[in-house]
Amino acid sequence: MHMHKFEKIWLIFGIGALVVFLSVVGVSAFYLGNKPPSCLTTIDPEKVDTQAPFNKPGLNKVEGKEWDYELVYVASAFFYNPAEVEVPLGAKVKVMATTKDVIHGFQVAGTNINMMLEPGYVNEIVTTFDKEGEYLVVCNEYCGTGHHLMSSKIKVVKK
Amino acid sequence: MAKTELKTNKKTEIEDSSSLKGTMASVMFLGIFLVVTWVSVYFLFLDRF
């Protein structure tokens, strides 16, 4: 089959780009173990307040785990618990969040932490807070009349 | 008597449309745009915590 030289070039370019993009996603998922923040952990949404770790919202130090702290968030219409939290700079933190009522969003503006909180499911993300500053946590799933008032603050401070 | 057109020796001139330069340029323009935007978003992702 005769093929123009240019056609060969752009076919190689296109297929090459596809292979590179998919490999990056594949390595991230299967080698580095990245997964969606909501991954198979469930909870009874009516008993959130009585179940660990959600009976103690806020930043909790943990020992013997891959991360140093657990940052526990409970969302409900129309606020987050805790409303403000301080995280030491450079801390490896597992952020754990769930909702007691409807679907809420959990986005820490300016970072990669962005998840959808669904009633009955626990969302988790492990990250290292390596940049100082104040970060706004906002709800980015419309949850009702007070949706726009729903926010929290994470302060990353040197300690 | 009318002549049939079939036996004329005249050759129809075909315009040469085999040049793919313009196509190549537009394909590469789009391709480079896609790569640049993908890579910049990927590095933005890596840079944030």
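The dialogue below treats the sheet, then the interface, then the helix pair.

Tutor: This is a predicted model, in which local features need pLDDT of at least 70, side-chain atom pairs count only at pLDDT 80 or more, and totals for chains, interfaces and linings use all residues. Residues are numbered from 1 along each chain as its sequence is written, while chains are lettered from A and ligands numbered from 1 in the order in which they are written.

Student: In which order do the five strands of the open sheet in chain A lie?

Tutor: Strands (E, at least two residues) and helices (H or I, at least four) are DSSP runs, numbered from the N terminus. Two strands pair if DSSP finds at least two bridges between them. In chain A, the order is β5-β11-β10-β7-β8, with mixed pairing. β5 (84–88) and β8 (114–117) of chain A each have a single partner strand, so one side of each lacks a neighbour in the sheet. From one strand to the next, the twist averages 20 degrees.

Student: In which sense do β5(A) and β11(A) pair?

Tutor: The sense is parallel, over five bridges, with β11(A) spanning residues 151–157. Within this strand, Lys155(A) is the bridge partner of Glu86(A).

Student: How many residues of chain A are in contact with chain B?

Tutor: Contact requires that the C-beta atoms of two residues, placed from the backbone, lie within 7 Å. On that criterion, 15 residues of chain A meet ten residues of chain B. Of the side of chain A that touches chain B, α1(A) gives the most, with six residues. As for chain B itself, it has one helix and zero strands.

Student: How are two packed helices described?

Tutor: The description consists of the angle between their axes and the distance between the axes. Axes are lines fitted to C-alpha atoms, for helices over the stretch in contact, and angles run from 0 to 180 degrees between N-to-C directions. Here α1(A) packs with α1(B), residues 21–47, at about 15 degrees, and the axes are 10 Å apart. The two helices are therefore roughly parallel to each other, a term for angles under 35 degrees.

Student: Which residues of α1(A) and α1(B) make the contact?

Tutor: Among them are Phe6(A), Trp10(A) and Phe13(A) from α1(A), and Met24(B), Val27(B) and Trp38(B) from α1(B).

Key: Angles under 35 degrees count as roughly parallel, over 145 as roughly antiparallel, 65 to 115 as roughly perpendicular and the rest as oblique.
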